[in-house]
Amino acid sequence: MSLSLPLDAERYYPDRREPVDRWFQTASASNVRTTIEVIAELAGPTCSAVVDPFAGGGSSAVAARLMNLPFHGIELDPVLACVSLAKSRATTGHAELLRRLPPIHDLESLRSVLTALPLLAGADDAAVASCLAVVLALRASRDSPLSHEDIVGDLVRHRPPRPNSRLASADATTLVPWGPLHVPEEGAVLYTSPQFGHRSPLLDAPPRLYAAARKVLTATGAFHGRQTAPRDAGFVGTSVSMLRQAAAMMRSATVVIEHEPDDAGHDATEETLERAAAALPGRIHGPRVIVCGEFTWRGPLSLVVFDLR
């Protein structure tokens with residue numbers, strides 16, 4: 001099969017200048033513009049939404065926003081869930097709410113802002129603004145402050161979010177978050193990147209920031225998670241468990257799963273396709289692996305692609 005996809009792995013690294021996405025990018029994040037090209041190539045112009053069950057820092061949320069598509073994300077880490085929710089739903093109005101409050105320069109100032117926000121806005125607006133506040137606190141905790149002016153400037157020149165975008169903070173390998181997510185039954189692209197191995201970069205945020213993020217997400221009804229991470233089932237086990245839940249909710253979708261060899265250099269692309277086909281008999285169509293080239297010390301970045309029907 002001949003594809004015009006960008007196969008240079010360098011183009012998968014995030015752009016530090018990308019508006020909205022630059023608010024916070026995980027070390028393993030994808031480039032927003034490349035994500036858009038991949039979705040356009042593989043899902044076509046009839047794509048109805050972007051679904052990311054391992055949303056991370058929200059690069060796919062920004063891609064969906066730029067494509068004028070709803071975003072449906074799941075992320076277990078509550079701080080990253082706040083980042084993804086902010087990227088997928090924030091407007092200049094939410095940023096202006098924060099401007100009316102003291103600047104966020106540490107966790108104590110975050111606490112004051114989160115207490116005051118519900119007094120200034122309706123529940124939904126306060127929820128999104130609170131997630132923006134968590135983003136500002138996260139940046140401040142890393143000695144790389146992000147200003148209100150940076151956020152407002154990005155939002156002014158960015159496409160507005162689709163109002164029906166949703167995010168749940170939970171384990172995507174369980175059924176719990178999928179119902180509230182209201183993913184489209186047909187026509188969406190499921191574009192995601194499960195953790196590649198034990199040495200995959202993980203977020204290391206202050207414990208009190210995690211507590212604040214859980215509080216924000218609980219107030220919005222988005223927190224369905226737990227205090228501890230689920231047992232590590234490896235790339236294949238995690239991917240297949242997630243696909244079981246997705247397939248229970250979606251009659252059809254284009255599935256794109258980013259893959260990188262694990263810590264021992266094992267390539268699991270073919271195993272992922274085989275186990276997905278065994279777990280979902282008759283529903284995996286047109287399976288293929290697109291190798292994009294060397295990405296990190298582990299080996300080549302690949303895309304595991306198939307149609308779910």
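**View 1. Arg22, Asp150, Asp154 and Arg157 join in a network of salt bridges.** A salt bridge here is a side-chain nitrogen of Lys or Arg within 4 Å of a carboxyl oxygen of Asp or Glu. The structure holds 16 of them. This is a predicted model: local features need pLDDT of at least 70, side-chain atom pairs count only at pLDDT 80 or more, and totals for chains, interfaces and linings use all residues. Residues are numbered from 1 along each chain as its sequence is written, and side-chain values use heavy atoms, with hydrogens and water left out.

**View 2. Arginine 99 forms a salt bridge with glutamate 149.** The closest N and O atoms are 3.2 Å apart. Arginine 99 sits in helix 4 (residues 92-99) and glutamate 149 in helix 7 (residues 148-156), 50 residues apart. Helices are DSSP runs of H or I, at least four residues; strands are runs of E, at least two; both are numbered from the N terminus. Arginine 99 is partly exposed, at 36% relative accessible area. Glutamate 149 is also partly exposed, at 49%. Buried means under 20%, exposed over 50%, partly exposed in between (1.4 Å probe, protein chains only).

**View 3. Arginine 251 meets glutamate 186 in a salt bridge.** The N to O distance is 3.4 Å. Arginine 251 lies in the loop between helix 10 (234-249) and strand 5 (253-259), and glutamate 186 in the loop between helix 8 (178-181) and strand 4 (188-192), so the pair ties together parts 65 residues apart in sequence. Arginine 251 is partly exposed at 47%.

**View 4. Aspartate 307 forms a salt bridge with arginine 309.** Their closest N and O atoms are 4.0 Å apart. Aspartate 307 is partly exposed at 23%.
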